[in-house]
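This briefing covers ring contacts, annotated segments and strand pairing. Please keep the structure in view while reading.

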Amino acid sequence: MQSAKAKIMTINFSKKWIKITLHILVWVVLITLPYIINVNRSRPPHPLSSYEENQFLRLNFISYFYWIAIFYLNNKVLIPSFFYRKKYLWYGLSFVGCLLLAITIHSILFRILLPDFDFNLGRTLWFNTPTFLLTIAASAAFTMISDRINEEKRALQREQENMKTELSFLRSQISPHFIFNVLNNIVALVRLKSNELEPTVMKLSGLMQYMLYETDEEKVSIKTETEYLKAYIDLQKQRFGKKIVIETNIDIEREFDEIEPMLLIPFIENAFKHGVGMIEKPQIFVDLKTENELLTFTVRNKFSEDDTEVKDAASGIGLANVSRRLNLLYGKEHQLEIEKKNGWFNVCLTLKLTV
């Protein structure tokens with residue numbers, strides 16, 4: 001937890017310095033560009049003394065502060081209040097007002113710093129208007145780019161939150177479905193007065209603990225998930241005994257690979273739900289293999305083409321949810337094939353374990 005918090009703080013700190021650096025770069029360009037293109041030097045054409053030269057430098061230096069003020073006034077107030085709200089007339093009037101304010105301040109500073117020179121309004125407009133337009137353009141570009149980036153970031157966060165909410169909802173639907181199935185196992189063992197009742201209850205307790213607590217994690221190890229599948233299949237074997245042929249083959253290359261919890265169990269639940277009953281010689285085959293970060297999962301079960309058995313209200317909810325979850329979590333990094341052919345229901349899932 002501390003590591004995660006430290007990582008978040010480091011990221012936020014880096015973002016803050018990136019933003020500060022960007023502001024500095026903008027102002028370096030705005031300050032140096034007038035000198036490069038030789039504007040914003042509203043000085044007389046005749047030679048100046050060193051004192052007069054220094055006074056003009058002071059005037060130019062002080063002028064940067066009101067250009068900065070206009071930059072952020074446009075950034076924080078004028079564009080959000082007028083331009084984004086399509087009040088273009090008010091924005092235009094504010095635009096002109098800012099220019100007049102800048103020229104007024106410049107004239108006051110000029111008279112204070114250079115009292116021996118006559119203030120020339122035409123020359124001042126000629127040399128200050130390009131800098132003013134450059135400042136407004138840079139401010140508008142900076143504001144719109146920043147707002148666009150922030151909006152895309154918020155949209156991504158909303159999408160992630162919606163995805164988490166939907167996944168939680170889908171997972172919550174699967175859990176009660178599984179509970180009803182495993183409780184049927186207990187009922188069957190009680191009726192048979194089986195000696196396997198106590199270890200079965202303990203095994204079910206372990207399964208319930210996994211389902212209630214460990215599935216809160218975003219991902220679990222493939223080893224943990226397959227142990228959960230094995231335990232569920234063992235309970236079904238105890239329930240049906242020799243009435244059904246159940247074959248399981250699980251081959252895990254790396255136990256530390258991770259997968260979304262309870263992603264595979266609906267396929268096995270579905271096989272037991274629809275692959276037993278009024279079916280001649282029912283059979284279920286489960287094959288799971290991981291190799292080179294690729295998981296291949298196959299479930300096959302017999303089913304009756306003319307099955308008229310009334311299914312419960314939750315019938316089919318597992319497969320619908322797991323298909324939706326796969327699309328949300330793995331996108332194009334998975335492939336799910338479901339096929340009914342020659343009395344067999346076949347499911348084949350392949351997905352990358354590290355996305």
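**Aromatic pairs**

- Nine aromatic pairs occur in this predicted model, where rings of Phe, Tyr and Trp (its six-membered ring) pair if their centres lie within 6.5 Å, with planes under 30 degrees apart counted as stacked, over 60 as edge-to-face and the rest as tilted.
- One of them joins Phe 83 and Tyr 88 edge-to-face, at 5.5 Å centre to centre and 70° between the planes.
- Phe 83 is partly exposed at 29% relative accessibility, and Tyr 88 is partly exposed at 47%; buried means under 20% relative accessible area, exposed over 50%, and partly exposed in between (1.4 Å probe, protein chains only).
- Phe 95 and Phe 132 also form an edge-to-face pair, because their planes lie at 70°, with the ring centres 5.1 Å apart.
- That pair links distant parts of the chain, 37 residues apart: Phe 95 belongs to helix α3 (residues 88-113) and Phe 132 to helix α4 (residues 121-192).
- Phe 132 is buried, with a relative accessible area of 0%, whereas Phe 95 is partly exposed at 24%.
- Phe 71, Tyr 72 and Phe 142 are linked into a cluster by ring pairs.

**Annotated segments**

- An unreviewed UniProt entry gives the feature "transmembrane region" at residues 20-37, 57-77, 89-113 and 125-145; such annotations may be inferred rather than shown by experiment.
- Residues 89-113 are 100% helix and 0% strand, with end C-alpha atoms 36 Å apart.
- Residues 125-145 are likewise 100% helix and 0% strand, and their end C-alpha atoms are 29 Å apart.
- Helices (H or I, at least four residues) and strands (E, at least two) are DSSP runs, numbered from the N terminus.

**Strand pairing**

- Strand β7 (residues 344-352) pairs antiparallel with strand β5 (residues 294-302) over nine bridges; two strands pair if DSSP finds at least two bridges between them.
- Within β7, Cys 348 is opposite Thr 298.
- β7 also runs antiparallel to strand β6 (residues 334-341), joined by eight bridges, and Thr 350 in β7 is the bridge partner of Gln 335.
- The hairpin of β6 and β7 has two residues between the strands, and Asn 342 in the turn has a positive phi of about 55°.

**Charges over rings**

- The charged end of Arg 300 lies over the ring of Trp 344, 4.3 Å from its centre; the criterion is NZ of Lys or CZ of Arg within 6 Å of the ring centre and within 35 degrees of the ring normal.
- Lys 340 has its charged end over the ring of Phe 303, 5.3 Å from the centre.

**Basis**

- Residues are numbered from 1 along each chain as its sequence is written, and side-chain values use heavy atoms, leaving out hydrogens and water.
- In this predicted model, local features need pLDDT of at least 70 and side-chain atom pairs count only at pLDDT 80 or more, while totals for chains, interfaces and linings use all residues.
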